[in-house]
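Hi,

Here is the structure I promised to send over. Have a look at it first, and my notes follow below.

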Amino acid sequence: VLSVDERGIRSRFIDTSNWEFDLTATAAFNTRSNERRAGMPELDYLFGIGPQLVYKGWQGAGGSGASAHFKLRAIQSTDFRRIDSRGGTFSTELRWREFGVLGTGSVLTASIEPTWASRPLQRYFYGVSAGEATAARPAYEARAGYLGTELGLSLRRRIAPDLSWFVAADLNLMHGAANRASPLLASKTNLSFGAGLVWTPWRSSEMAR
């Protein structure tokens, strides 16, 4: 079953009252004109796909409550001319969701998600070879391990059958990361905000339950 909903795009294989098994995907933008990477290859767009096991036994009848997500993903990079393998990640997300906080059609979501990455992906982000080293950027051999933790908070509300708005904030923490000593890691904390409108002008004549 292919699902496209407020939880993203998923291919569901198993869905019971307490457990769900999906195939999920993720993506990230590229990096250009980064001063710390001057003279080094730029970072391409990233995408990943892999299985996700979800425990939702803590949720109530309406779907509100906590859930635990265990994600394993193979990561690839691309410049739209070629695709290269960049290893993989494993993350454990604890997510809490509350429906109806601002009336019908609204949902508040909070999450915490630590992630661990394989050596190829860590090297792609943080490795500096001897040929790329400078006086301000010493050579560095990246290693596998803890990548960082993301704290997320979002609020979404439907204001019409085909229109909804959302606001979101994400805090990325890399304190204690396996490669925190890399000269390419500029900051161990990053805060981002987002807001937008979601328009769904087309829908099937038969709706899901």
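This is a predicted model: local features need pLDDT of at least 70, side-chain atom pairs count only at pLDDT 80 or more; totals for chains, interfaces and linings use all residues.

How many bridges join strand E3 (residues 19–28) to E4, and do the two run parallel or antiparallel? Ten bridges link them, and the strands run antiparallel. Strands here are DSSP runs (E, at least two residues), helices likewise (H or I, at least four residues), both numbered from the N terminus; two strands pair if DSSP finds at least two bridges between them.

Residues are numbered from 1 along each chain as its sequence is written, and side-chain values use heavy atoms, with hydrogens and water left out.

**The chain as a whole**

Of the 209 residues, 32% are buried (under 20% relative accessible area with a 1.4 Å probe, protein chains only; exposed is over 50%, partly exposed in between). If you take the contacts (heavy atoms within 4.5 Å) between residues at least 6 apart in sequence, 54% join residues at least 24 apart.

Asp22 lies in strand E3, and it counts as buried because its relative accessible area is 0%. Apart from residues up to four places away in sequence, Asp22 touches Arg10, Ser11, Arg12, Phe13, Gly50, Pro51, Gln52 and Val54.

Leu46 sits in strand E4 and is buried too, because its relative accessibility is 11%. With residues up to four places away in sequence set aside, the residues Leu46 touches include Thr26, Ala27, Ile75, Arg86, Tyr124 and Phe125. Leu46 and Ile14 are 32 residues apart in sequence, and their C-alpha atoms are 27 Å apart in space.

Where is Gly63? The loop between strand E4 (45–55) and strand E5 (65–78) holds Gly63. Leaving out neighbours within four places in sequence, Gly63 is in contact with Arg97 and Phe99. Gly63 and Phe99 are 36 residues apart in sequence, yet 7.5 Å apart from C-alpha to C-alpha.

**The nonpolar core**

Which residues have the most contacts inside the largest nonpolar core? They are Tyr126, Val128 and Met174, in a core of 16 residues. Helix H1 (residues 119–126) gives the most to this core, with three residues. By nonpolar core I mean a set of buried Ala, Val, Leu, Ile, Met, Phe, Trp, Tyr and Cys residues joined through side-chain atoms within 4.5 Å. In soluble globular proteins, nonpolar side chains tend to be buried together. Not counting residues up to four places away in sequence, Met174 touches Tyr126, Leu147, Gly148, Arg180, Leu185, Ser187 and Lys188.

Cheers
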